[in-house]
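Morning, everyone. I have a short walk through one structure today. Please have the sequence and the model open as I talk.

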There are 2 protein chains.
Amino acid sequence: MESIGKWISTIHRYAHMYFAQESEGLGICGGQFMFLKFLYHQDGVSQEYISKQLLIDKGTTARAIQNLEKLGYVIRKKSQTDRRQNVVFLTEKAHGIKAEVMDKFSRWTEILTKDFSQEETEIILQLLHKMAHNAMEHIQQKENCNR
Amino acid sequence: MESIGKWISTIHRYAHMYFAQESEGLGICGGQFMFLKFLYHQDGVSQEYISKQLLIDKGTTARAIQNLEKLGYVIRKKSQTDRRQNVVFLTEKAHGIKAEVMDKFSRWTEILTKDFSQEETEIILQLLHKMAHNAMEHIQQKENCNR
DNA sequence: AAAAAATAGTTGCATAGGCAACTTTTCATT
DNA sequence: AATGAAAAGTTGCCTATGCAACTATTTTTT
């Protein structure tokens, strides 16, 4: 069977390069983009919640959010109801670049799905989702990791 | 448009975890697997060639192959016809674990495509290939990188 | 043939990201 | 209420990977 994995990792590495290039003007590093995107969709949430939603290690999240805070894109407040939690909010500065950031995401999707029919785009999305789910189930069944 | 990129990167990260787990007995790190797999298919080639085929930075290849050599899975010989080149060969030790290594790749593909029809598996492979191609074209058109 | 350009590899530096150990706080059990 | 377990964050350590600068060789130009 030919390798799905090879293409996944290739696409992932190119995405990495794309966001690294695109981030230059903003001071943000490529890896922070997805956190920003997530927060545009929903802020005022804990880091743990972000990690779970993005399926990312909480240590990685901690560092990414720290970085965004240092750059002035988010602020963190200790939750009043649970003082273990940091509640993360976007700043004005972050809202100011929302259109630009979201645009880079749509453009990347457009690049990937260039010459795809509407149907193909839907199928790929659905099958990727299914594969991610299969991968997750397999990994989490072996060891209960904190994600 | 919902994010293809998110699923790609999620699957990639899980693949990473899978190969990290599976590599434990062999002394190899997860990242070296794909180089081994490539060499089973074709050895006696230069690092540059490997990089180009795998679409991987040549620095990364240099380090991975160094590591495989240190572990006794490959040896490098200076090419007689072009003394810039290292020609990479698998050792007996590497051939001895071929079945095991190849098996881990098939199993990962099986895990990802669990409950996929034959047709779905073919479609996903074809569309991933197409997306990788689109990504590559876009990146390489901007800057001529050494891959 | 000499100079310039291209190629193959190596290495330093940077980011991304996982894992595990640790701290602080909260929750559950007794 | 006290003790133990769980949860949220932080941080150190490790690997993977890209990029750029560098060396050594080969190829191309002049």
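**A walk through the model**

Let's start with one residue. Glu22(A) is found in helix H1 of chain A, which covers residues 4-22. Before going on, a word of caution: this is a predicted model.

Is Glu22(A) buried or exposed? Its relative accessibility is 12%. Buried means under 20%, so Glu22(A) counts as buried.

Now look along the chain from there. Gln42(A) lies 20 residues from Glu22(A) in sequence. How far apart are the two in space? From C-alpha to C-alpha, the distance is 23 Å.

Next, step back to the whole of chain A. It holds seven helices and three strands. Read from the N terminus, the order is α-α-β-α-α-β-β-α-α-α. So much for the list; now the outline. Along the principal axes, the C-alpha atoms fill a box of roughly 50 × 40 × 25 Å.

How much of chain A is buried? Chain A has 147 residues, and 48% of them count as buried. The accessible surface of chain A is about 7700 Å². Carbon and sulfur atoms hold 49% of that surface.

What about contacts along the chain? Take the contacts in chain A with a separation of 6 or more. Of these, 54% join residues 24 or more positions apart.

Charges next. Chain A carries 20 positive and 18 negative charges.

Now a pair of helices. Two packed helices are described by the angle between their axes and the distance between the axes. In chain A, take helix H2, residues 33-41, and helix H6, residues 98-112. Their axes come within 10 Å and cross at roughly 115°. H2(A) passes H6(A) in a left-handed crossing. Which residues make the contact? On H2(A), they are Phe33(A), Met34(A), Leu36(A), Lys37(A) and Tyr40(A). On H6(A), they are Lys98(A), Val101(A), Met102(A), Lys104(A) and Phe105(A).

Last stop: chain B. Find Thr10(B) in helix H1 of chain B, residues 4-22. Thr10(B) has a relative accessible area of 1%. The cut-off for buried is under 20%, so Thr10(B) is buried. What does Thr10(B) touch, leaving out residues up to four places away in sequence? Thr10(B) touches Leu55(A) and Ala132(A).

Methods:
Residues numbered from 1 in each chain as written. Chains lettered and ligands numbered in written order. Predicted model: local features only at pLDDT ≥ 70, side-chain atom pairs only at ≥ 80, totals over all residues. Heavy atoms only, no water. Helix = DSSP H or I, 4+ residues; strand = E, 2+ residues; numbered from the N terminus. Buried < 20%, exposed > 50% of the residue type's maximum accessible area, 1.4 Å probe, protein only. Contact = heavy atoms within 4.5 Å. Areas by Shrake-Rupley, 256 points an atom, 1.4 Å probe, with all protein chains shown as cover. Lys, Arg positive; Asp, Glu negative; His and termini not counted. Charge placed at Lys NZ, Arg CZ, Asp CG, Glu CD. Axes fitted to C-alpha atoms, helices over the stretch in contact; angles between N-to-C directions. Left-handed = near helix turned anticlockwise from the far one by under 90°.
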